[in-house]
Amino acid sequence: MNIFQKIATSLCLVAFALTATAEDTPWYQVEVLVFANEDPSVLDDEFWPQGLDVNHQRNAIKLRPPLHNSSSTFDAYELLPTSSLLFNDEKKRIARYHSYRVLYHAGWLQPVEKQKKARPIHIRAGQILDNGMYELEGYITVDRGRYLHFKPDLYHSRKLSSSESNLLRDFLNAGDQPLTSSTDNPQSTSSVATEDSGLSTVTPLSTSFLNVPEFLTINMKQGRRMRSEEVHYLDHPLMGVLVLMLPVETTDSAKR
């Protein structure tokens, strides 16, 4: 994509002291930009699950604010200053579209372990909604094998406007299936049994009785095999994620 060509040419601007040995766990600069697609027309693309909640992970790492804004070296899992991020132009371009809204943009350094040793990073951004959820919350895990692996488990929650609720209700009433829950069997149908002259019959439940939720929560959980120094895009009808990972070498002051 053309918007990523500028990023590729900017890689030479990222420099760190070279003191790590080949035996060390490799370090990467990870940059992630998450944006929401708030175009109401995408709501009738599919049936959205209800009752989703963040599956919290106890061993997660929380990113820390930078200790020294003027420093040229950073500790592991310390947020990098905005000036050193490479998606700043992409963030501005996304903001020009009225249906897109940036939810999260951050970068950090981290050692990338093998899958068994990798720990997820806790991501949280946006406001706390009336349903008790953040606009964006979840986890990102980066590990390595033959390739790098980027594994998001992100939840985006939004309050539906009255027009969006009506759009979703019309879509449901026009279809043959109700909103599904996270535990529903997608092949099962809702029905109610009645008796007439001793004979049992089954009458499908009308979707008009369904309550369209006030809040819609969606989950992006799709692992991606990656190469370093390449921009990757993960797509969902209601959100998107840009990812870039650059190999770096650590300084003696870096903490693991």
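Predicted model: local features only at pLDDT ≥ 70, side-chain atom pairs only at ≥ 80, totals over all residues.
Residues are numbered from 1 along each chain as its sequence is written.

Helices (H or I, at least four residues) and strands (E, at least two) are DSSP runs numbered from the N terminus. An open sheet is built from four strands in the order S3-S1-S12-S11, with antiparallel pairing; two strands pair if DSSP finds at least two bridges between them. Strands S3 (100-111) and S11 (232-236) are the edges, and since each has a single partner strand, one side of each lacks a neighbour in the sheet. On average, neighbouring strands of this sheet are turned by 15° against each other, direction ignored. Strand S1 (residues 27-37) is joined to the antiparallel strand S12 (residues 239-248) by ten bridges, and Gln 29 has Leu 246 as its bridge partner in S12. Helix H2 (residues 88-95) lies across S1, S3 and S12 and runs at about 165° to S3; axes are lines fitted to C-alpha atoms, for helices over the stretch in contact (heavy atoms within 4.5 Å), and angles run from 0 to 180 degrees between N-to-C directions.

Seven salt bridges are present, each defined as a side-chain nitrogen of Lys or Arg within 4 Å of a carboxyl oxygen of Asp or Glu. Within helix H2, Glu 90 and Arg 93 lie three residues apart, about one turn of the helix, and their side chains form a salt bridge (2.9 Å, N to O). Glu 90 is buried at 4% relative accessible area, whereas Arg 93 is partly exposed at 31%; buried means under 20%, exposed over 50% and partly exposed in between (1.4 Å probe, protein chains only). Another salt bridge links Asp 143 to Lys 151, with the closest N and O atoms 2.8 Å apart. Asp 143 is buried at 2%, and Lys 151 is partly exposed at 29%.

Ser 157, in strand S6 (residues 148-159), is buried, with a relative accessible area of 1%. Beyond neighbours within four places in sequence, its contacts include Leu 129, Tyr 134 and Phe 215. The side chains of Ser 157 and Asn 131 are joined by a polar contact of 3.0 Å (N or O atoms within 3.5 Å; within protein, one able to donate a hydrogen and the other to accept it, with residues adjacent in sequence counted only if both atoms are side-chain atoms).

Conventions. Heavy atoms only, no water.
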